[in-house]
Amino acid sequence: MTLEGDIQNKVRLALGSRPDVRLFRASVGRYRLLTRPEQVIKIGTDGQADLNGIIQGVPCPNCGHHGSRRLEVEIKRPGKNLDPDQVKWREMMLRFGAVHITAHSPEEAIQAIEQALHGES
């Protein structure tokens, strides 16, 4: 497993143990069918975050109402940043009111969740 995969598993455990978060793994890529190797299937959308789900109790940036919002978590290796497709995805999610986190570690993800819950994201 890659370093990014290790980080992702640790983030899923750290955030998934919270009662106010539900996370799901999102797969993105192109795959060949075993039975027909000439056929390629595309899964997901370019730029889509690694994890998505729901976070409860986050204030709405427009009205301040506390409710549930879509949560997107992009996992990156230390020192790495979002690629252009991921930046576009993040901007779209934020425009539609989602909470989008880029995390290089479980600690960074937890801190970003706490900031979102206090209306800081």
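**View 1. I75, a buried residue of strand β5.** In this predicted model, I75 has a relative accessible area of 0%, so the residue counts as buried. I75 belongs to strand β5. Leaving aside residues up to four places away in sequence, I75 touches E4, I7, Q8, V11, D50, L51 and A103. One of these contacts, A103, is also the bridge partner of I75 in β6. The C-alpha atoms of I75 and N9 are separated by 9.8 Å, although the two residues are 66 residues apart along the chain.

**View 2. The open sheet of four strands.** The strands follow the order β1-β4-β5-β6, with mixed pairing. At the edges are β1, residues 21-25, and β6, residues 99-103, each of which pairs on one side only. On average, neighbouring strands of the sheet are turned by 30 degrees against each other, direction ignored. Strand β5 covers residues 66-75 and pairs with β6 in the parallel sense, over five bridges. In general, the strands of a sheet pair through backbone hydrogen bonds, either parallel or antiparallel.

**View 3. Helices α1 and α2 against the sheet.** Helix α1, formed by residues 3-16, lies across β1, β4 (51-59) and β5. The angle between α1 and β5 is about 160 degrees. Helix α2, formed by residues 84-95, lies across β5 and β6. For α2 and β5 the angle is about 175 degrees.

**View 4. A116 in helix α3.** Helix α3 spans residues 106-117 and includes A116. A116 counts as buried because its relative accessibility is 1%, and the cut-off for buried is under 20%. A distance of 17 Å separates the C-alpha atoms of A116 and A49, which are 67 residues apart along the chain.

**View 5. The whole protein, for orientation.** The protein has three helices and six strands, which run α-β-β-β-β-β-α-β-α from the N terminus on. Taken along the principal axes, the C-alpha atoms fill a box of roughly 50 × 25 × 25 Å. Of the 121 residues, 37% count as buried. Among contacts with a separation of 6 or more, 57% are between residues 24 or more positions apart. The accessible surface comes to about 7500 Å², and 53% of this surface belongs to carbon and sulfur atoms. There are 17 positive and 15 negative side chains, and the centres of the two sets lie 5 Å apart.

Methods. Residues are numbered from 1 along each chain as its sequence is written. This is a predicted model: local features need pLDDT of at least 70, side-chain atom pairs count only at pLDDT 80 or more; totals for chains, interfaces and linings use all residues. Side-chain values use heavy atoms; hydrogens and water are left out. Two strands pair if DSSP finds at least two bridges between them. Helices (H or I, at least four residues) and strands (E, at least two) are DSSP runs, numbered from the N terminus. Axes are lines fitted to C-alpha atoms, for helices over the stretch in contact, and angles run from 0 to 180 degrees between N-to-C directions. Contact means heavy atoms within 4.5 Å. Buried means under 20% relative accessible area, exposed over 50%, partly exposed in between (1.4 Å probe, protein chains only). Accessible areas come from the Shrake-Rupley method with a 1.4 Å probe; for residues, only the protein chains shown count as cover. Lys and Arg count as positive and Asp and Glu as negative; His and the chain ends are not counted. The place of a charge is taken as NZ of Lys, CZ of Arg, CG of Asp or CD of Glu.
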